[in-house]
Amino acid sequence: METAIWVEWVVAALLLIGSLFALIGSIGLWKLPDFYMRLHGPTKATTLGVGALVIGSLIYFSTRGEGLSLHELLITIFLFMTAPVSANMLAKAAMHERLKRVERTRGEPWGQ
């Protein structure tokens, strides 16, 4: 079954946006100086990037004629539920270990 041209444009846009967010998250993970700043790269930008890629896949395979593709929907829901929880757990573990940070990192969460 032929897909409409507008579906292909939407999927292409989502793939480009998702790839851009994943690239920005990866660069942030590589360039930022300490653990607390690096935590933002994969948990925010990369999550949005992978989410956009999976939603693009959902739209593409759902319009191919076999109905709604629930695999991608479940992956997206799981991704958006687990990324903030895992980031919170990593940050708490780093605070518990009193991981060193650079001066630009704001706050003193573990006391005076």
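Residues are classed by relative accessible area as buried when the value is under 20%, as exposed when it is over 50%, and as partly exposed in between, with a 1.4 Å probe and protein chains only. The structure is a predicted model, in which local features need pLDDT of at least 70 and side-chain atom pairs count only at pLDDT 80 or more, while totals for chains, interfaces and linings use all residues. Residues are numbered from 1 along each chain as its sequence is written, and side-chain values use heavy atoms, with hydrogens and water left out.

Helices are DSSP runs of H or I with at least four residues, strands are runs of E with at least two, and both are numbered from the N terminus. Leucine 70 belongs to helix α4, which spans residues 70–96, and is partly exposed because its relative accessibility is 46%. Leucine 74, found in helix α4 as well, is exposed at a relative accessible area of 58%; its C-alpha lies 9.8 Å from that of valine 54, at a sequence separation of 20 residues. Both leucines belong to a nonpolar surface patch formed by Leu68, Leu70, Leu73, Leu74, Ile77 and Met81, which together have about 610 Å² of accessible area. Patches are made of residues with over 30% relative accessible area and no salt bridge, like charges being joined within 9 Å and nonpolar side chains (Val, Leu, Ile, Met, Phe, Trp, Tyr) within 5 Å. In that rule, a salt bridge is a side-chain nitrogen of Lys or Arg within 4 Å of a carboxyl oxygen of Asp or Glu. The accessible areas come from the Shrake-Rupley method with a 1.4 Å probe, and for residues only the protein chains shown count as cover.

Threonine 47, in helix α3 (residues 40–62), is buried, as its relative accessible area is 7%. When residues up to four places away in sequence are not counted, threonine 47 touches Pro42, Leu79, Phe80 and Ala83, where contact means heavy atoms within 4.5 Å. In the loop between α3 and α4, glycine 67 is partly exposed at 35% relative accessibility, and its contacts, leaving aside neighbours within four places in sequence, are with Phe61 and Ser62.

Rings of Phe, Tyr and Trp (its six-membered ring) are paired if their centres lie within 6.5 Å, and planes under 30 degrees apart count as stacked, over 60 as edge-to-face and the rest as tilted. By this rule there are two aromatic pairs. Phenylalanine 35 and tyrosine 36 form an edge-to-face pair, with 5.8 Å from centre to centre and 80° between the planes; phenylalanine 35 is partly exposed at 26% relative accessibility, whereas tyrosine 36 is buried at 14% relative accessible area. The pair of tyrosine 60 and phenylalanine 61 is edge-to-face because the ring planes stand at 80°, with the centres 5.0 Å apart. Tyrosine 60 is partly exposed, with a relative accessible area of 28%, and phenylalanine 61 is partly exposed at 43%.

A charge is taken to sit over a ring if NZ of Lys or CZ of Arg is within 6 Å of the ring centre and within 35 degrees of the ring normal. Lysine 31 lies over the face of tryptophan 30, at 4.9 Å from the ring centre.

Isoleucine 5, in helix α1 (residues 5–31), counts as exposed at 57% relative accessibility. Between isoleucine 5 and arginine 101, the C-alpha to C-alpha distance is 50 Å, for a separation of 96 residues in sequence. In the segment after α4, arginine 98 has a positive phi of about 50° although it is not a glycine, and arginine 98 is exposed, with a relative accessible area of 52%.
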